[in-house]
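Welcome, and please get your viewer ready for a short walk. At each stop you will be told what to select and what to look for there.

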Amino acid sequence: MPTSQSGRLVARTIALPPATADDLLALLPQAADHRDLCSWVRRSEGLVGWGRVADFDATGTDRFSAATAWWRTLTAGAVVRDDVRLPGTGPIAFGAMAYAAASPTRSTLVVPAVVVGRRGDVAWLTTVTQGTLPAPGTLQQPAPEPASPGEIAFADGARTAAEWELAVGEALDRIAGGAVDKVVLARSLIARAARDIDPRWLLRRLAARYESTWVFAVAGMVGATPEMLVRLDRGLATSRVLAGTIRRTGDDAHDLALAGSLARSSKDLEEHEYAVRSVADALGRHCSSMSVPESPFVLHLPNVMHLATDVAGAVDDGATSLELAASLHPSAAVCGTPTAAADRVIAELEGMDRGRYAGPVGWMDVTGDGEWGIALRSGELDPADGRQITLYAGCGIVAGSDPADEVAESDAKFIPMRDALTDR
Ligand SMILES: C=C(O[C@@H]1C=C(C(=O)O)C=C[C@H]1O)C(=O)O
């Protein structure tokens with residue numbers, strides 16, 4: 001249901017000298033409400049936004065279609081003066097969708113009052129109001145530096161590591177019994193800081209270390225995801241599928257050997273193939289032609305390496321990026337195979353609500369172009385307590401998975417957010 005919407009949306013986009021948007025994250029101002037800061041940044045490109053002109057939230061099976069319908073209605077009557085005309089210019093909505101249809105967590109779309117974007121050598125500033133045409137905005141630089149949240153105490157979330165290891169063992173029994181071929185189980189960690197956690201502190205630190213990820217913040221969901229569920233750019237849809245993981249050791253020569261063994265591991269290749277199939281099948285329903293590489297490459301991140309496949313397709317049914325994300329979610333990279341059975345095992349064994357973890361997170365413009373990643377390597381800031389954040393990490397389980405190894409893999413997936421929070 002719409003939580004705020006009055007008057008027609010009026011937006012104005014002007015070109016900026018590219019140098020003024022070299023460091024997008026540095027432009028984010030200090031916000032009275034941290035949930036008003038939005039980010040979708042990779043290297044020096046992407047979008048940051050602040051202020052809130054309109055927002056929408058929903059729960060349930062219809063959350064994607066309700067969000068799409070709200071955005072269509074809101075933008076149908078919009079007055080847009082756009083000097084730049086690229087994907088991401090004009091008014092945009094950032095969004096973070098709940099993983100599960102049954103989740104009580106609200107999926108959220110936010111239309112910021114100010115957005116700064118950069119794509120290649122082109123930078124822009126969009127100002128949005130409801131009512132009168134805004135004067136072209138100006139950037140206030142530099143924004144005050146974010147402060148450290150101070151000492152952090154970590155506590156177990158829904159399960160201790162030992163309990164979660166048992167749950168992985170139970171998942172292996174379900175696989176052996178034929179209930180599922182693959183299931184992705186997640187666990188949570190609660191971090192409590194001495195002071196309020198400023199998302200800008202996390203975003204900057206994530207971006208500095210994880211430069212091949214998309215560093216995001218939407219309504220309190222913050223992280224650095226390496227996985228692009230779907231990007232729609234003028235009819236071309238692309239998706240980066242990840243599944244199959246090995247931890248890095250820090251020794252480059254050894255890591256290279258590990259990358260080779262990952263690329264040959266039949267367990268990881270099987271786990272990966274399920275994820276690629278689920279994405280290719282779902283995307284294929286919207287596309288006239290598809291490109292699905294036969295074998296994956298190895299994506300190197302500072303904490304882990306993943307098997308990765310970039311899938312592409314030409315969309316021929318007019319679907320928006322959010323509608324494509326709805327079709328692709330949940331992929332076997334975060335759910336399992338077959339989907340419905342894996343989701344039942346997840347609901348039974350995880351003992352928690354995933355909230356917006358592992359759901360689509362990203363942005364969309366008035367044409368429907370946009371980018372939706374999977375909210376991984378992330379955490380949800382507690383809306384009622386600015387000093388608390390819940391972190392999530394999950395692992396794909398297939399026949400042959402080792403529960404103790406999966407605990408270690410989930411620990412490795414917590415590293416980006418743990419390190420971003422602490423002063424290390
Ligand atoms: C579920 C997560 O990651 C997913 C699971 C992976 C795996 O099991 O190998 C790899 C990448 C992601 O698709 C997570 O980071 O929480």
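Leaving aside its neighbours within four places in sequence, which residues is R118 in contact with? Select R118 and you will find P18, A21, L24, S44, E45, G46 and A123, where contact means that the C-beta atoms, placed from the backbone, lie within 7 Å.

Before moving on, a word on the model. It is a predicted one, in which local features need pLDDT of at least 70 and side-chain atom pairs count only at pLDDT 80 or more, while totals for chains, interfaces and linings use all residues. Residues are numbered from 1 along each chain as its sequence is written.

**Stop 1**

Strands here are DSSP runs of E with at least two residues, helices are runs of H or I with at least four, and both are numbered from the N terminus. R118 counts as buried because it has 23 C-beta neighbours inside 10 Å. The cut-offs are 20 or more other C-beta atoms within 10 Å for buried, 12 or fewer for exposed, and in between for partly exposed, with C-beta atoms placed from the backbone. For a distance check, pick T75 too: R118 and T75 are 43 residues apart in sequence and 22 Å apart in space, C-alpha to C-alpha.

Now select S44, in the loop between β3 (38-42) and β4 (45-50). S44 has 17 C-beta neighbours inside 10 Å, so this residue counts as partly exposed. Its contacts, leaving aside neighbours within four places in sequence, are D22 and R118.

**Stop 2: two helices against α8**

Show α2 (residues 161-176) together with α8 (residues 403-421). Their axes are 9 Å apart and the packing angle is about 125°; axes are lines fitted to C-alpha atoms, for helices over the stretch in contact, and angles run from 0 to 180 degrees between N-to-C directions. α2 and α8 are therefore oblique to each other, given that angles under 35 degrees count as roughly parallel, over 145 as roughly antiparallel, 65 to 115 as roughly perpendicular and the rest as oblique. The crossing is right-handed, a term used if the near helix is turned clockwise from the far one by less than a right angle. To see where they meet, colour A161, W164, E165, V168 and G169 in α2, then P403, A404, E406 and V407 in α8. By class, this contact has six nonpolar, one polar and two charged residues. Ala, Val, Leu, Ile, Met, Phe, Trp, Tyr, Cys and Pro count as nonpolar, Asp, Glu, Lys and Arg as charged, and the others, Gly among them, as polar.

α3 and α8 pack at an angle of about 125°, with axes 8 Å apart. That makes α3 oblique to α8, and their crossing is right-handed. Here L202, R205 and L206 in α3 meet P416, A420 and L421 in α8. The residues of this contact are five nonpolar, no polar and one charged.

**Stop 3**

Is α4 (residues 252-264) largely in the open or largely buried? Of its 13 residues, the number buried is one, so α4 lies largely in the open.

Then select α5 (residues 266-284). Its buried residues are D268, E271, H272, E273, Y274, A275, V276, S278, V279, A280 and L283.

**Stop 4: backbone details**

Most residues other than glycine have a negative phi, and most peptide bonds are trans. R234 is exposed, with 9 other C-beta atoms within 10 Å. A358 also has a positive phi, of about 70°, but A358 is buried, with 29 other C-beta atoms within 10 Å. Look for A358 in the loop between α7 and β21 (360-365).

Finish with two prolines. The peptide bond from H329 to P330 is cis, with omega near -10°, and P330 is in the loop between α6 (321-328) and β20 (336-337). The bond from T337 to P338 is cis too, with omega near -10°; find P338 in the loop between β20 and α7 (339-349).

Methods
Contact = placed C-beta atoms within 7 Å. Expected span 1.5 Å × (residues − 1).
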